[in-house]
Amino acid sequence: MRALLPIILYLLVLPFGASSVAVAAPPSATTVNEAALLAARPARKLSTYNLFRDGKAQVPSDGVHPYDLATPLFTDYAHKYRFMYVPEGQPAAYTERESFEFPVGSVLVKTFAYPADFREPDKDIRLVETRLLIHQEKGWQAWAYVWNEDMTDADLKVAGKTLPVSWIDETGEARAIQYVVPNRNQCKGCHVIGHTFSPIGPKARNLNFSYEYDSGAENQLAYWSAHGLLTGAPAPEEAPSVPRYDDPAADLNARARAYLDVNCAHCHRAEGPGSTSGLFLTWWETGKTAWGYKKRPVAAGRGSGGLMYDIEPGKADQSILVYRLNSTDPGVMMPEVGRTTVHEEGLALLKDWINGLE
Amino acid sequence: MTKLKHVLVALVAFVAAPIVQAQDTVMRIEAGGDFQEALQEALILAEPGTTIELPEGFFEFTSALSLDVADITVRGAGMDKTILSFKSQISGSEGLLITSNRVSIEDLAVEDTPGDGIKAKGVDTISFRNVRVEWTRGPNAENGAYGLYPVESKNVLIEGSVVKGASDAGIYVGQSQDIIVRNNRAELNVAGIEIENSYRADVYGNTSTHNTGGILVFDLPNLPQMGGHSVRVYNNRVVDNDTANFAPAGNIVATVPRGTGIMVMANREVEVFGNELANNASSNILLVAYPREYNDPTYNPLPRRVYVHDNMHGKAGWDPDGAVKDLIAPRTGTPVPQIVWDGVVDGIWAGLFGPDEEETIKIKEAEGTTFANLQFVKDAILPWGASPDFDIKAYSGSYDFRGAVTLPQEAAATSN
């Protein structure tokens, strides 16, 4: 205890910008700063962790691997760059349904970005924030870092932030929103299962497809296993998988359930923050009333929109689920956080699905 | 250790400076500056045991506040002095969300949230004392659903508070256990006070007036916690509930008739006594089954073991609304009796001869109190139907239910 005091006092006399020296300077520019990941307090600057060889270009350091999800969570059309890191020689353990069990010292990295023109997604990219999920002894820690204008570094934001973001969408139309960086508690709003903070994305079913690595295309589960990032995984054909929600060749029901699974089920499950509603949207939920089929609202308030059922089969426009996904009013909209715009493409999918239900 | 604590407190102050000052375990948020950021940061960084004090003033927020640190008191300068306004809120579905144990919210107001006012979810030991939640434009379907909203929680205390204008329930306790709701005022809501899918609640000393319905005790199907039971509603003033129902359709409270005093739907072991009930134009007390179709074999839709006694009944039933107007008044005539049981029971035997002695409705009210059992099931069974039974004496009897609910936060307060 006594040994800690000088360090804390030292911290106190430092201006914010320099406080990153609280943990030892990284040994080399391309190795992850494990000490910073495991420190009791988060670094003030994202660069302290040394997760990127080139942050602005989102080129990861050695041992930090990019990944992608078949069907991602919608966040106001932000483009997302995901990376994972596990300590050398300590692979995550495979699980069939939930997120993999990552060892202490792991970090999941997600950068939210807006290309100036979505028709040229690799040019003029504005990095908005990078969120870290760091697995420490005391559990997963969530931190959001907001990029500076020059994108040379990003600063820790504990209480969240609202910033204007604009882009030109795929149809050439100018879009502008007030992008909301979540505060720590809002992170928990989605990431808690029971009382335990948990990652959402890296689940077998959502990773089980081919990704374009620098070394060539490869199934992500196979790649993770081959690179010592994952242990206990079956062959990809044996593992569960969900389709891309926007893959017209895939089964409509599977696409809709995959979309609901990743966008809603972290809350809407028996162990999640939305449990009180009795609406459960996990990929494996088979109880018809539980996944919304002719299910009455419970505490929706004006979120019901005057409609009788969460899902009225054959009638998307009479379904509360569609009503709430089509709203941006904070007293009505679902999900409650993470978007300020309507996801038109996701909404269209769910409408098609509900209109086809009998 | 003490030294370290001081350093930590200083650290917290340092991070949130210059707006927050720390004094041992009190963090005072000063007016001015970015109040929203300062308060939210305090709610995140406070150490357990901290009291966060808010000054007098009118403070506007654009996003929801949330608290996930245990053992925190948030205290304003009074429910008419410290006002947190969410009129311009653009994100978050409630004003304040609490997800940690042993939290007390005191002496402040939350106004005009687009969604719920203050929600506590999945917590043990939560207190609301002298808090006001209000939608200032009055009853409106665009108001948020719930004012004070503890759900899936244990050891819930709501006292001395005021809730106005909720488009569902002013005070709503859902899927919770061990609950005291006392000495509050609920006004101009659809439901004044609602206890739903909950176990062991004492609701007393409240005034519930000018709502659509005064006090509701409900149990609904297809939810994680069902089988609501052991609820005592006593010594409340439930008068002049005369606001037209403004709840959005689809919600169960949208079916509550204007002018309902106390309504018990489904539930077991409910005791309603010593209340002052008057000027409720549909009826003073309704005891009814869940009226909708449902798909849940574990759910019991009936009110069982309900004991209604020693209430003071004033005028009721002269201008019925909703289902009371459409289904009850045509059978009972108008005015509708002061106490109405729909007589929905389980099975043919119970339909013809009444439920088992230990399951039935028992009533002991002053001479002259009007009553009807609509005998809906008997009416459906018998080819020639059945008319309502107005003989209140046939239902006399009593139950001896449990004693008062006790809460840990009260034990702590007494020992101080």
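This is a predicted model: local features need pLDDT of at least 70, side-chain atom pairs count only at pLDDT 80 or more; totals for chains, interfaces and linings use all residues.
Local features need pLDDT of at least 70 and side-chain atom pairs count only at pLDDT 80 or more, while totals for chains, interfaces and linings use all residues. Residues are numbered from 1 along each chain as its sequence is written, chains are lettered from A in the order in which they are written, and side-chain values use heavy atoms, with hydrogens and water left out.

**View 1. Two domains of chain A.** Chain A splits into domain 1 (12-238) and domain 2 (252-355), with bounds taken from an automatic or database domain assignment. Their centres, taken over C-alpha atoms, sit 27 Å apart. Together the two domains bury about 1900 Å²; that's the accessible area (1.4 Å probe) that two parts lose on being put together, summed over both. On the domain 1 side, A:Phe74, A:Tyr77 and A:Arg205 lose the most area to domain 2, together 27% of what that side buries.

View 2. Look for A:Arg269 and A:Glu98, a salt bridge whose closest N and O atoms are 2.7 Å apart. To count, a side-chain nitrogen of Lys or Arg has to be within 4 Å of a carboxyl oxygen of Asp or Glu. There are two salt bridges between these domains. The side of domain 1 that touches domain 2 gets its largest share, four residues, from strand E11(A); strands (E, at least two residues) and helices (H or I, at least four) are DSSP runs, numbered from the N terminus.

**View 3. A:Pro297 in its loop.** This proline is in the loop between helix H6 (252-264) and helix H7 (320-325) of chain A. A:Pro297 counts as buried because its relative accessibility is 7%, and the cut-off for buried is under 20% (over 50% is exposed, in between is partly exposed; 1.4 Å probe, protein chains only). Leaving aside neighbours within four places in sequence, its contacts (heavy atoms within 4.5 Å) include A:Leu307, A:Ile320, B:Gly250 and B:Asn251.

**View 4. Where chain A meets chain B.** Here 41 residues from chain A meet 46 residues from chain B. The pair buries about 3800 Å², and carbon and sulfur atoms give 60% of that. A:Thr276, A:Arg302 and A:Pro330 supply 17% of the area that chain A buries against chain B, more than any other three residues. Zoom in on A:Lys188 and B:Asp68 for a salt bridge with its closest N and O atoms 2.7 Å apart.
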